[in-house]
Amino acid sequence: MIETAAADLAVASQALPLELTQTDVYREIRADRLLNLSFWANIALAGLSILLFVYMGRNVEDPRSRLIFVATLMVPLVSISSYLGLASGLTVSFLEMPAGHPLAGEEVLTMWGRYLTWALSTPMILLTLGLLAGSNVTKLFTAIVMDVGMCVTGLAAALTTSSYALRWFWYAISCAFFAVVLYVLLVEWSADAEAAGTAEIFDTLKVLTVVLWLGYPIFWALGAEGFALLDVAITSWAYSGMDIVAKYVFAFLLLRWVADNERVVAGMASGLGAATPGAAPADD
């Protein structure tokens with residue numbers, strides 16, 4: 001019996017893959033050209049965006065407009081750092097999928113660094129939208145905290161390997177946080193922007209943000225982390241493509257409008273809540 005148990009243990013140990021080093025992961029990423037390109041395309045575009053946005057804001061003087069520019073500039077700054085982490089293998093791991101998963105028992109490349117990107121960049125996007133809408137601190141805090149909660153629980157879903165059901169439970173919690181963010185964007189801030197006189201540009205950016213952000217949980221579900229209907233490279237390109245539009249195109253449209261309408265932004269109350277001096281502040 002002891003000999004049989006020892007033999008079984010030896011077979012099991014041979015079946016387990018050796019832990020990959022960061023160098024091994026880096027080589028795996030470089031070997032998949034489609035996956036590797038999805039990282040470097042974003043690094044290049046983030047770098048160009050940083051230079052462009054700095055140039056666009058060179059003559060902006062209003063403090064509120066400058067705050068919007070700084071917050072927006074943080075988006076490509078975070079992205080270029082994050083995507084470099086993905087391309088170098090620093091924030092990428094191979095995780096064994098749990099029983100019940102379509103790829104159960106297989107080592108799947110998990111790009112957990114993306115969640116760090118989203119946790120740092122999406123709050124900046126929401127901050128700029130809230131400032132543009134003339135919203136108050138309470139609504140800004142609510143949207144940003146719920147957004148961070150969405151990203152953190154999404155990371156938990158991606159990293160959970162003990163149970164397939166628990167992965168989806170984390171996913172559901174993340175979607176619940178997301179629902180609150182959507183409510184603030186679509187209801188609360190839409191009304192604030194109407195009062196602030198920025199509804200036209202806000203509505204454009206709101207639709208762009210909501211449509212693209214809805215794509216992230218959809219591709220999570222379809223990708224290797226969920227139902228595994230799409231391979232890792234295709235999923236990565238889906239995320240990268242959405243990042244390009246939801247971050248850099250979004251930022252360009254926003255900053256161009258702010259630079260051209262600095263007086264409108266300056267006319268908003270600095271206390272976040274009134275569109276013009278003397279207007280009633282928005283309800284907390």
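**Close-up views of aromatic contacts and cavities**

A search of the whole structure, a predicted model, finds 10 aromatic pairs.

**View 1. Phe-39 and Tyr-83 form a tilted aromatic pair.** The ring centres lie 6.4 Å apart, with 50° between the planes. Distant parts of the chain are linked by this pair: Phe-39 belongs to helix H3 (residues 33–56) and Tyr-83 to helix H4 (residues 63–87), 44 residues apart. Both Phe-39 and Tyr-83 are buried.

**View 2. Trp-118 and Tyr-239 form an edge-to-face aromatic pair.** The centre-to-centre distance is 5.3 Å and the angle between the planes is 75°. Trp-118 in helix H5 and Tyr-239 in helix H9 are 121 residues apart, and the pair links distant parts of the chain. Trp-118 counts as buried because its relative accessibility is 11%, under the 20% cut-off. Tyr-239 is also buried, with a relative accessible area of 2%.

**View 3. Five aromatic residues form one cluster.** The members of this aromatic cluster are Tyr-164, Trp-168, Tyr-171, Trp-220 and Phe-227.

**View 4. Arg-58 lies over the face of Tyr-55.** The distance from Arg-58 to the ring centre of Tyr-55 is 3.9 Å.

**View 5. The largest cavity holds about 330 Å³ of space.** It is one of 2 cavities of 30 Å³ or more found in a search of the whole structure. The lining consists of 20 residues, and those nearest the centre of the cavity are Trp-118, Met-150, Ser-174, Tyr-216 and Pro-217. At least two lining residues come from each of helix H5 (113–133), helix H6 (137–159), helix H7 (164–196), helix H8 (199–222) and helix H9 (232–260). The lining of the largest cavity comprises 15 nonpolar, 3 polar and 2 charged residues.

**View 6. The second largest cavity has a volume of about 90 Å³.** Its lining is made up of Leu-109, Thr-110, Met-111, Arg-114, Tyr-115, Ala-224, Glu-225, Val-232, Thr-235 and Tyr-239. Strand S2 (107–110), H5 and H9 each contribute at least two of the lining residues, and H9 gives the most, with 3 residues. By class, 6 residues of this lining are nonpolar, 2 are polar and 2 are charged.

Conventions: Residues numbered from 1 in each chain as written. Predicted model: local features only at pLDDT ≥ 70, side-chain atom pairs only at ≥ 80, totals over all residues. Heavy atoms only, no water. 1 Å grid on protein atoms, 1.4 Å probe; cavity = no way out; pocket = protein on both sides within 12 Å on 5 of 7 lines; lining within 4 Å. Points joined across faces, edges and corners; volume = space filled by probe spheres on them. Helix = DSSP H or I, 4+ residues; strand = E, 2+ residues; numbered from the N terminus. Nonpolar A, V, L, I, M, F, W, Y, C, P; charged D, E, K, R; others polar. Phe/Tyr/Trp six-rings, centres within 6.5 Å; stacked < 30°, edge-to-face > 60°. Buried < 20%, exposed > 50% of the residue type's maximum accessible area, 1.4 Å probe, protein only. Lys NZ or Arg CZ within 6 Å of the ring centre and 35° of its normal.
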